[in-house]
Every structure is written in structure tokens, then in C-alpha cells.
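Please read the points below with the sequence and the model side by side.

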Amino acid sequence: MAEGLLIVGEDVCAEVVSSADAFTAVEAVFGAMAKGDAYNFPVIREAIGYADALYGFKSGFDKAGKTLGVKSGGYWPGNMDKGLTNHQSTIFLFDPDTGMLQALVGGNYLTAVRTAASSSVSIAHLARKDAKVLGMVGAGHQSTFQLRAAAQQRDFEKVVAWNPHPEMLPRLGSVAKELGLAFEAVTQEDLGAQSDVIITITSAFEPLLMKGWIKPGTHIACMGTDTKGKQEIDPEIFTTATAFADEIAQSTTIGEAQHAIASGLIGKTEITPIGAVINSDHPGRSAADEITLFDGTGVGLQDLAVASVAAEQAEKQGKATRVAL
Ligand code: NAD
């Protein structure tokens with residue numbers, strides 16, 4: 001990159017980073033993590049005791065992609081009333097050779113697109129090729145990004161959805177319609193009975209899907225649990241599923257696997273980094289009736305990977321602002 005600081009705003013990020021770009025960047029960084037070429041630093045997340053806000057940092061270094069940086073931001077529950085998104089973040093990229101600040105990149109759109117890319121990478125590598133029904137548990141901000149990205153991975157015909165707040169479901173229904181997919185609001189049990197792929201993306205603190213409801217051959221991507229105490233599925237599902245994660249350390253402490261680990265249902269060694277499948281070091285799914293599970297906790301390196309694409313593309317397309325430092 002040339003000298004000076006590159007500034008890439010939210011609107012430009014949405015213009016220059018597609019869901020396919022995010023998929024490529026996230027798949028590459030998961031592969032680099034599994035090879036030990038990229039690593040995440042410990043996450044900081046604190047209640048700041050003001051405006052009910054949670055604030056923190058996610059950072060890391062990808063030696064293979066030469067990406068060093070940090071995503072800083074958090075959750076401000078009062079923002080919605082001010083016409084702002086509750087989740088707010090900015091990504092800072094540094095030159096790994098000099099430590100100079102290279103780019104400031106808006107992190108809100110990128111967080112959604114990199115989270116959707118994560119479940120979508122898991123679907124690409126682990127779901128049955130003949131999957132036809134996509135089950136969505138959750139209908140908040142992230143859910144439509146999840147649905148759009150998943151729809152690119154398999155020849156789905158139908159979306160079934162459940163949300164604890166059913167009044168939020170029509171927005172998923174309209175995205176399904178736009179994608180040419182049938183849509184049905186269903187009960188949790190029916191969602192399990194119909195789905196070949198399930199994405200959970202809620203802020204739940206208790207199981208929303210029970211083991212007996214999941215049919216053989218299903219792929220489940222658990223995306224909502226990213227904090228201690230959160231939970232979306234019955235931990236017993238881990239005893240029958242083949243489990244994968246973006247990063248084992250996060251999966252077992254702040255991810256969906258935290259509960260199965262804490263109750264001794266499984267050990268850490270029973271979870272495989274998805275990067276091992278990407279790198280062809282693990283076969284992934286090995287039978288049509290196998291249940292596969294992906295625990296996507298969200299790592300800093302995903303943010304850095306998509307921010308790096310945003311900075312590069314914005315500069316190339318003349319859409320970034322450059323200022324002297
Ligand atoms: P949102 O506030 O827009 O939507 C929240 C969703 O959770 C809605 O479907 C809502 O009905 C449901 N919900 C709210 N309270 C609930 C409760 N007590 N029990 C069950 N469900 C409840 O949030 P969002 O931006 O769509 O994010 C959804 C989840 O995904 C959050 O938990 C967020 O922290 C998480 N997230 C994860 C990653 C990752 O990388 N894994 C990235 C971004 C967000």
C-alpha cells in the first residue's frame with residue numbers, strides 16, 4: 001500500500017466487498033489458522049459501566065496474508081432509538097513491517113458479511129451436496145446476510161424459519177422470496193424435521209433446538225453464541241455430531257461448545273478446526289447420514305481479512321480517502 005492513512009467508510013465497504021469476496025477471504029484465513037500461519041490474540045470485551053455498552057478488541061496477525069490489526073467496538077443497546085446500529089466497530093490495519101497505521105475501515109457491514117461467510121464456508125465444506133431445505137433460527141440483523149450467503153452454496157429450494165419473536169420473520173421471508181426460494185414459518189421441531197442445513201443466529205441463553213429434533217445428515221452452523229453464557233442448541237447434539245469450529249480456543253470458552261465441554265459431554269480434541277478440512281487434512285463429512293456441526297464464534301482474523309480486501313478494492317476503485325499521517 002502507498003504512504004499515508006487510507007479511510008474506507010461503511011458505504012464504500014458495502015460497495016467493494018461482495019459476499020463472494022468475503023467467502024474467499026474467510027476461507028483462506030481459516031486455512032492459514034489451521035496451518036499455524038495466522039493466529040488470533042486474546043479477546044478483550046468489557047462492560048464499560050456507561051450507556052449499558054460492551055466494548056472490546058479482537059486482533060490477530062496473518063503471516064501468510066501479511067495482515068496485522070484490530071477490530072475495536074462493541075454493543076450500544078440504546079443506539080436503535082437514535083437511528084443507529086447497536087453493534088458499532090472499526091477495523092485498524094497496520095503495516096506488519098513497520099507498525100505504521102495503514103487503514104481505518106468501517107466494521108459494521110464487514111462484521112455481518114464475514115460472519116455470513118463463516119457459516120457459508122462451513123456449508124460449502126460440510127453440508128450434503130443434495131441439501132434442499134435451509135432452516136433459519138433467528139431473524140435479526142445478521143440473519144438476512146446469513147441466508148443470502150448460504151443460498152450461494154447449495155441448490156436450496158425452500159427456507160423454513162423459526163424465531164422467538166415471530167413478528168421479525170417477514171424480513172427473512174422477503175429475502176427468501178427475492179432469492180426465488182419458498183418460505184415457511186415453522187415450529188422448532190418441524191424446522192429440525194425438514195432442514196438439511198440449519199443456521200442458528202440468535203442472542204439466546206438457552207437451547208432452542210433439541211437433539212431428538214435433528215434428522216440424520218443435517219449440517220448445523222451455530223453462529224449466535226459468541227460470549228460466555230450464550231447458548232442456542234442442546235449440548236447433547238455434540239455427542240452425535242462431528243464437530244468443527246473456526247477456532248478451538250474460542251469455541252470451547254465463548255462458543256456453542258462451551259456447554260458440552262463444561263458438562264463433560266465432549267473433550268476439546270473432539271472438535272476439529274474447519275481449516276483442517278479446507279487444507280484437506282481432514283475429510284470433513286464422511287457419510288450422508290452424518291450430522292456435522294460448525295461452531296462459528298467469530299475471530300478477529302476474519303475481520304482483518306475482509307478489511308484488507310475492502311482497503312485494497314477501495315483504493316483500486318478510487319473510492320477511499322487517503323490522508324497524511
Ligand atoms: P439482533 O439483535 O439483530 O437479533 C437478535 C436475534 O436473537 C433475533 O432473532 C431475536 O429474536 C433473537 N433473540 C433476542 N433475544 C433472545 C433471547 N433471549 N432468546 C432467544 N433469542 C433471542 O442481533 P444480530 O446482530 O442478528 O446478532 C445475532 C447474534 O449473533 C448475537 O448473539 C450476536 O452476538 C451474534 N453474532 C455472532 C457473530 C459471530 O461471528 N459468530 C458475529 C456477529 C453477531
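**Notes on the strands, domains and salt bridges**

1. Strand 2 (residues 38-40) pairs with strand 4 in the antiparallel sense, over three bridges. Strands here are DSSP runs of E with at least two residues, helices are runs of H or I with at least four residues, and both are numbered from the N terminus. Two strands count as paired if DSSP finds at least two bridges between them. Within strand 4, D62 is the residue that A38 stands opposite.

2. The model is predicted, so local features need pLDDT of at least 70 and side-chain atom pairs count only at pLDDT 80 or more, while totals for chains, interfaces and linings use all residues. Residues are numbered from 1 along each chain as its sequence is written, and side-chain values use heavy atoms, with hydrogens and water left out.

3. Strand 4 (residues 54-62) also runs antiparallel to strand 3 (residues 44-47), and four bridges join the two. Two positions to look up are R45, which stands opposite G56, and E46, which stands opposite Y55. Six residues lie between strand 3 and strand 4 in this hairpin, and in the turn G49 has a positive phi of about 75 degrees.

4. How many bridges join strand 4 to strand 5 (residues 67-75)? There are nine, and the two strands run antiparallel. L54 has Y75 of strand 5 as its bridge partner. This hairpin has four residues between the strands, and K66 takes a positive phi near 55 degrees. When viewing the side chains, recall that in a regular strand they alternate between the two faces of the sheet.

5. The chain is assigned domain 1 (5-111 + 301-323) and domain 2 (127-298); such bounds come from an automatic or database domain assignment. Taken over C-alpha atoms, the centres of domain 1 and domain 2 are 24 Å apart. Their contact (heavy atoms within 4.5 Å) takes 16 residues from domain 1 and 18 residues from domain 2.

6. Between them, domain 1 and domain 2 bury about 1,200 Å², with 57% of it on carbon and sulfur atoms. Buried area is the accessible area (1.4 Å probe) that two parts lose on being put together, summed over both. On the side of domain 1 that touches domain 2, helix 2 (19-35) and helix 3 (108-126) each supply at least two residues. Helix 2 gives the most to that side, with nine residues.

7. The structure holds eleven salt bridges, but the count between domain 1 and domain 2 is zero. R148 lies in helix 4 (residues 141-151) and E178 in helix 5 (residues 169-178), so the pair ties together parts that are 30 residues apart in sequence.

Methods. Salt bridge = Lys/Arg side-chain N within 4 Å of Asp/Glu carboxyl O.
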